[in-house]
Amino acid sequence: MKKPKIEISLRVVTAINYDEKRDALSQDWPKLLEKLGFVPIYIPNTLENVSTFLDELSLDGIIFSGGENIGENKERDSTEKKLLEYALNKKLPILGICRGMQVINNFFGGKTELNKLKNHVNTNHLLKIINEKFKIIFKNDSIDVNSYHNNVIQLKNLGEDLIPFAVYNDNSIEGYFHKSLSIYGVMWHPERTPTE
């Protein structure tokens, strides 16, 4: 039986000592995906025709990775919009991580805000699980997660048909799911603490 192929979006970085941009991804991701039995497929940010490229791959799902604020790199913003449209059209499962969660939220008409307190940057914090289905999944009504973001999503800024399942004590949403599609978003980075 073939292993499921999971596409993952890439951040754009500037290479030190080179006058060029490069697509990049933390090495934590392929380790985690391989451990979970998936084949990771990287999607470049400079493809002319994203749909044609994806059609050749026969993907089983898409992960929108973290890193970079939305608007910092037009190539990535454009590629991820096309990836999201493709995934919705093909009814592929979607998972957004940190920035990826924000991208999905924005796509559905939501928005993010800059967190002036910086209490979500490079720390761990406890989240309250507010959805019964996810309490069963996590076997708890709270979870301790890592946190590396400085943008937050408040309930008033949540995109259409997205339902929160995890919130922080400042009422920011740290996890959501779509009410009818296989779409999930989390603000923490599971790839950085794979044993948890």
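**Around histidine 189**

Modeller: Happy to, and let me start with a side-chain pair: histidine 189 and glutamate 191 are joined by a polar contact of 2.8 Å between their side chains. Do keep in mind that this is a predicted model. Is histidine 189 buried or exposed? Its relative accessible area is 3%, so histidine 189 counts as buried, the limit being under 20%.

Which residues does histidine 189 touch, once those up to four places away in sequence are set aside? They are Gly66, Ile97, Cys98, Asn146 and Tyr148. Two of these names lead further. Tyr148 carries a charge over its ring: the charged end of arginine 192 sits there, 4.2 Å from the ring centre. Two or more lining residues come from each of α1 (28-35), β5 (61-64), β6 (94-97), α5 (132-138), β9 (142-147) and β13.

Trp188 also has a place among the aromatic rings. Ring pairs link Trp188 with Phe134, Phe138, Phe165, Phe177 and Tyr184 in a cluster. One member of the cluster, Phe177, has a charged neighbour too: lysine 133 lies over the face of phenylalanine 177, 5.7 Å from the ring centre.

The count of aromatic pairs comes to seven. Phenylalanine 107 and phenylalanine 108 have ring centres 5.5 Å apart and planes at 80°, which makes the pair edge-to-face because that angle is over 60 degrees. Phenylalanine 107 is partly exposed at a relative accessible area of 32%, whereas phenylalanine 108 is buried at 17%.

Helix α4 covers residues 99-107, and seven of its nine residues are buried, so the rest of the structure largely encloses the helix. The buried ones are Arg99, Gly100, Met101, Gln102, Val103, Ile104 and Asn105. After α4 comes glycine 109, with a positive phi near 90°.

To return to your histidine: histidine 189 is buried, its side chain has a polar contact with that of glutamate 191, and one of the residues it touches is Ile97.

Technical notes. Residues are numbered from 1 along each chain as its sequence is written. This is a predicted model: local features need pLDDT of at least 70, side-chain atom pairs count only at pLDDT 80 or more; totals for chains, interfaces and linings use all residues. Side-chain values use heavy atoms; hydrogens and water are left out. Rings of Phe, Tyr and Trp (its six-membered ring) pair if their centres lie within 6.5 Å; planes under 30 degrees apart count as stacked, over 60 as edge-to-face and the rest as tilted. Buried means under 20% relative accessible area, exposed over 50%, partly exposed in between (1.4 Å probe, protein chains only). A charge sits over a ring if NZ of Lys or CZ of Arg is within 6 Å of the ring centre and within 35 degrees of the ring normal. A polar contact is a pair of N or O atoms within 3.5 Å; within protein, one must be able to donate a hydrogen and the other to accept it, and residues adjacent in sequence count only if both atoms are side-chain atoms. Contact means heavy atoms within 4.5 Å. Helices (H or I, at least four residues) and strands (E, at least two) are DSSP runs, numbered from the N terminus.
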